[in-house]
Amino acid sequence: MASVIIPPMPPSARDDALHLYRAFKGFGCDTAAVINILGHRNATQRAAIQKEYHATYSEDLNKRLSSELSGQLKRAVIMWMPDPATRDANIVRHALEGDVDLKAATEVICSRTPSQMRQFKQIYFSNFDVDLVDDLATKLSSGDHEKLLVEYISVPRYEGPEYDQAMVQKDAEALYKAGEKKLGTDEKVFIQIFSERSRAHLVAVGSAYQSLYGHSLEKVLRKAMKGLGTDDPTLIRVIVTRTEIDMQYIKAEYRNQYGKSLHDAVQSDTSGHYKAFLLSLLGTNP
């Protein structure tokens, strides 16, 4: 479930474009006005605003936002503007440039459904004229983590809720033998299972593992995939990329794990207009 709050009767794209144009005029930028508009519009509405702004003022809205805003707020707003698939393509492309940001690439690739991945791959090729798998293979080293990403993108996976309980049991046992039971880990087994199985299947594998061996699979994954760097995704990327998809579930899980709301964490750990924008994307504080 999304968390961003859209007005029941939002202004037209033309009105929003006009108010943004006015926010940019005069001495400094009316940042609060920008947040109030863009922080409460969905992807379709943002696309319409960008189109209307360019048609009316012969100027690219993203370029204007980039020149008017600064710091973390600028980063968050610019990341927020595209549709989700285009945003994913931009994040991964940027992650593969220069000093490779494996954490960002992993976070995007491994948290998308097969259908989201297909759309994201198509846009990646269209925008950057290179196949995503080829780009990963070229830019990354040949370690187990990199192999997992390439396999995750390349192998078709079932997206529905059904799974084979016998296969679940078999996979749980295979992961135990490949990880916890042996000295070191057999990474090929982990890569095969985690890249080929559906999300519903993997959830069931986690439950089966807990029942069979008395503790969670997560402990084994830390051993097998040490150094993946996926434990602490950056605040901006998580909030911006998930707020239109499943942020309500993320907020609930955050409260379960840390005993306080994500809203309160952002409230205490950020400041100024940057904080205001992130809070607008998080919606109400449960």
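Reader: What should I know before I start?

Author: The model is predicted: local features need pLDDT of at least 70, side-chain atom pairs count only at pLDDT 80 or more, and totals for chains, interfaces and linings use all residues. Residues are numbered from 1 along each chain as its sequence is written, and side-chain values use heavy atoms, leaving out hydrogens and water.

Reader: How many helices and strands does the chain have?

Author: Helices (H or I, at least four residues) and strands (E, at least two) are DSSP runs, numbered from the N terminus. This chain has 18 helices and zero strands. Its C-alpha atoms fill a box of roughly 65 × 45 × 35 Å, taken along the principal axes.

Reader: What share of the residues is buried?

Author: Buried means under 20% relative accessible area, exposed over 50%, and partly exposed in between, with a 1.4 Å probe and protein chains only. Here, buried residues make up 43% of the 286 residues.

Reader: Which residues of helix H5 are buried?

Author: Start with the general idea. An α-helix has 3.6 residues a turn, so residues three or four places apart point the same way. Now take H5, residues 71-80: Leu73, Ala76, Val77, Met79 and Trp80 are its buried residues. They cover an arc of only 165 degrees around the axis, which puts them on the same side of H5. That arc is taken from the directions from the helix axis to the C-beta atoms.

Reader: What covers the buried residues of H5?

Author: Several helices do, among them H2 (31-38), H3 (43-57) and H18 (272-282).

Reader: Which residues of the largest nonpolar core touch the most other members?

Author: In soluble globular proteins, nonpolar side chains tend to be buried together. A nonpolar core is a set of buried Ala, Val, Leu, Ile, Met, Phe, Trp, Tyr and Cys residues joined through side-chain atoms within 4.5 Å. The largest one has 55 residues, and Leu20, Leu38, Leu65, Ile109 and Phe120 touch the most other members. H18 gives the largest share, six residues. A second, separate core has 16 residues, including Val189 and Phe190.

Reader: What is Ile109 in contact with?

Author: Contact means heavy atoms within 4.5 Å. Leave aside neighbours within four places in sequence; the partners of Ile109 then include Val92, Phe120 and Leu149.

Reader: Is Ala105 buried or exposed?

Author: Ala105 is buried, with a relative accessible area of 0%. This residue lies in helix H7, residues 102-110. Beyond neighbours within four places in sequence, Ala105 is in contact with Val92 and Ala95. The C-alpha atoms of Ala105 and Leu149 are separated by 8.5 Å, although the two are 44 residues apart along the chain.
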